[in-house]
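Take a look before reading on.

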Amino acid sequence: MPDSASPQATIQLDPQWREALAGEFAAPYMADLKRFLLERKAAGARIFPPGSHWFRALDLTPPDKVRVVILGQDPYHGPGQAHGLCFSVRPGVPVPPSLVNIYKELQRDLGIALPRHGFLESWARQGVLLLNAVLTVEMGDAGSHQGKGWEQFTDAVIARVNALEHPVVFLLWGSHAQKKAAGVDSVDRGGRHLVLKAPHPSPLSAHRGFLGCGHFSQANAFLEGQGLEPIDWRLPESVQAA
């Protein structure tokens, strides 16, 4: 899949992921997805995030660096919000409600002060794969690119992570994420990966068990127990988007 859905563009993707996912890019469903994106662009649709950031989560977190996976559904559909990482927004954009609740749980769980921004790139650079199930959306139209092929592609990403030799923590918030990663080889089924589940951090459901879940401390305790570096969940005070 070219970066801007144009035949002349080159794929902007981490080399490890490019090799691991070569079969997906060559598959017929990806050609169909590319055609759909080109048609929507030609029709004047504003597609978020920009093409250079469709694979940003993979670019920042190559397979050998993945330590934690957080799954979202599709990108934010407001101007200037989405930049390729689930739950994250660009610097200067108000922190969305679900991310506010994530920050509240971080504060409760680890005593981390509430950040003033919603830019999560520092997590991604440490090995937190912030993956949406669908990687594009049209302005003001949530879920508009669902069912067009992205889900098959991101299923393949999850399968590649599941096949990694080192253990990974999957943080599955909400039924959508839990269904998407249902096949992960979790430690409670004799596998190597830790799977932690909770309701979605949305204001509609966070009070049903997300707030109080303790996932951040549990993730770090597991990583340290496996001889891996924990995640520093603190975010820098000043940030700048690439």
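Q: How far apart are the end C-alpha atoms of helix H3 (residues 28–42), and what should its 15 residues span?
A: This model is predicted. H3 has 15 residues, and at 1.5 Å a residue they should span 21 Å. The end C-alpha atoms agree with that, being apart by 21 Å.

Q: What arc do the buried residues of H3 cover around the axis?
A: The buried residues are Tyr 29, Met 30, Leu 33, Phe 36 and Leu 37. They lie on the same side of H3, because the arc they cover is only 115°. In general, an α-helix has 3.6 residues a turn, so residues three or four places apart point the same way.
The arc asked for is 115°.

Q: Which exposed residues does the face of H3 turned away from its buried side carry?
A: Buried here means under 20% relative accessible area, and exposed means over 50%. On the face turned away from the buried side, the exposed residues are Pro 28 and Ala 42.

Q: Which elements are included in what covers the buried residues of H3?
A: Both helices and strands take part. The cover includes helix H2 (22–25), strand S1 (47–48), strand S4 (137–138) and helix H7 (150–162).

Q: Which backbone nitrogen does the side chain of Asp 74 reach, and at what distance?
A: UniProt, in an unreviewed entry, lists Asp 74 for "active site". Asp 74 is in the loop between strand S2 (68–72) and helix H5 (97–110). Beyond its neighbours within four places in sequence, its contacts include Asn 132, Ala 142 and Gly 143. The side chain of Asp 74 reaches the backbone nitrogen of Gly 143, at 2.7 Å.

Note on methods. Residues numbered from 1 in each chain as written. Predicted model: local features only at pLDDT ≥ 70, side-chain atom pairs only at ≥ 80, totals over all residues. Heavy atoms only, no water. Helix = DSSP H or I, 4+ residues; strand = E, 2+ residues; numbered from the N terminus. Expected span 1.5 Å × (residues − 1). Buried < 20%, exposed > 50% of the residue type's maximum accessible area, 1.4 Å probe, protein only. Arc of directions from axis to C-beta. Contact = heavy atoms within 4.5 Å. UniProt positions renumbered as here; feature names shortened; annotations may be inferred. Polar contact = N/O pair within 3.5 Å; in protein donor to acceptor, adjacent residues only side chain to side chain.
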